[in-house]
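This briefing is meant to be read beside the sequence and the coordinates. Please keep both in view while going through the points on strands, packing and charged pairs.

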Amino acid sequence: ENASVVSQLDFEVLCQVVELQRRWMNEGRKMIPVSVNLSRMDFLEPGFIEMVDDFITASNVPKEMIEFELTETAVVENLNEIIEKLNFLQDAGYRIAMDDFGSGYNSLYVLGKIPANVIKFDRGFVLHSIQNQVGMTILANLVDTFKEINFEVLCEGVETEEEKERIVSCGC
């Protein structure tokens with residue numbers, strides 16, 4: 001972002017993902033959604049989001065096979081402009097994921113305004129939460145709340161069977 005090349009990099013990553021998805025389609029493989037991170041700068045770059053949509057549309061890759069991830073902190077500034085572009089992407093058929101939930105600044109107010117399909121709990125938040133009953137209760141209640149309002153909920157960074165069992169017991 002500081003070098004003002006993040007949008008070029010993000011577009012290149014997207015091109016690689018779309019090429020992979022096209023190859024899977026041509027080989028008759030089962031399609032699965034692939035996540036692509038977007039920077040806050042991508043939403044502020046004039047025409048960038050529309051260019052992304054035009055590129056994917058031309059590729060014939062089903063839009064629901066692309067999930068755009070952004071961190072909660074990415075939407076704190078220029079909230080209305082970013083929400084408008086997220087609505088455009090979601091209305092076009094893409095999945096939107098809020099990544100790294102619980103990793104820093106969290107505003108449920110902001111989260112309630114963001115058109116997202118998926119909440120991805122940050123690994124650090126997950127590991128801290130499953131260390132004791134208080135954390136487990138908080139995590140379970142957050143998972144329940146997000147599911148109740150139709151978010152898909154994922155806990156990132158689960159590496160052991162014990163961590164998996166604790167996460168599953170919280171409903172994730």
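The points below concern a predicted model, and they are grouped by topic.

The fold is described here through an open sheet of five strands, paired in the parallel sense, together with a nonpolar core in which Phe68 is one of the residues touching the most other members.

**Sheet and helix**

- The five strands follow the order β1-β2-β3-β4-β5 in an open, parallel sheet, with β1 (34–37) and β5 (152–155) as the edge strands, each of which pairs on one side only.
- From one strand to the next, the twist averages 30°.
- Strand β2 (residues 66–71) pairs with β1 in the parallel sense over four bridges, and within this pairing Val36 has Phe68 in β2 as its bridge partner.
- Helix α1 (residues 6–26) lies across β1 and β2, and the helix runs at about 170° to β1.

**Nonpolar core**

- The largest nonpolar core has 48 residues, of which Leu14, Phe68, Phe121 and Phe146 touch the most other members.
- Leaving aside residues up to four places away in sequence, Phe68 touches Leu14, Val36, Leu38, Val52, Ile56, Leu89, Tyr94, Arg95, Ile96 and Ala97, so that Val36 is both a contact and the bridge partner of Phe68.

**Salt bridges**

- Lys120 and Glu67 meet through their side chains in a salt bridge (2.9 Å, N to O), a pair that links distant parts of the chain, with Lys120 in strand β4 (residues 118–121) and Glu67 in strand β2, 53 residues apart.
- Lys120 also forms a salt bridge with Glu69, where the closest N and O atoms are 2.3 Å apart; this pair likewise joins strand β2, which holds Glu69, to strand β4, which holds Lys120, over 51 residues.
- Lys120 and Glu67 are buried, and Glu69 is buried as well.
- Glu67, Glu69 and Lys120 belong, together with Arg95 and Glu152, to a network of linked salt bridges, and Arg95 is also among the residues that Phe68 touches.
- In another salt bridge, the side chains of Glu27 and Arg29 meet at 2.8 Å, N to O.
- Glu27 counts as partly exposed because its relative accessibility is 44%, a value between the 20% limit for buried residues and the 50% limit for exposed ones.

Key. Residues are numbered from 1 along each chain as its sequence is written. This is a predicted model: local features need pLDDT of at least 70, side-chain atom pairs count only at pLDDT 80 or more; totals for chains, interfaces and linings use all residues. Side-chain values use heavy atoms; hydrogens and water are left out. Two strands pair if DSSP finds at least two bridges between them. Helices (H or I, at least four residues) and strands (E, at least two) are DSSP runs, numbered from the N terminus. Axes are lines fitted to C-alpha atoms, for helices over the stretch in contact, and angles run from 0 to 180 degrees between N-to-C directions. Contact means heavy atoms within 4.5 Å. A nonpolar core is a set of buried Ala, Val, Leu, Ile, Met, Phe, Trp, Tyr and Cys residues joined through side-chain atoms within 4.5 Å. Buried means under 20% relative accessible area, exposed over 50%, partly exposed in between (1.4 Å probe, protein chains only). A salt bridge is a side-chain nitrogen of Lys or Arg within 4 Å of a carboxyl oxygen of Asp or Glu.
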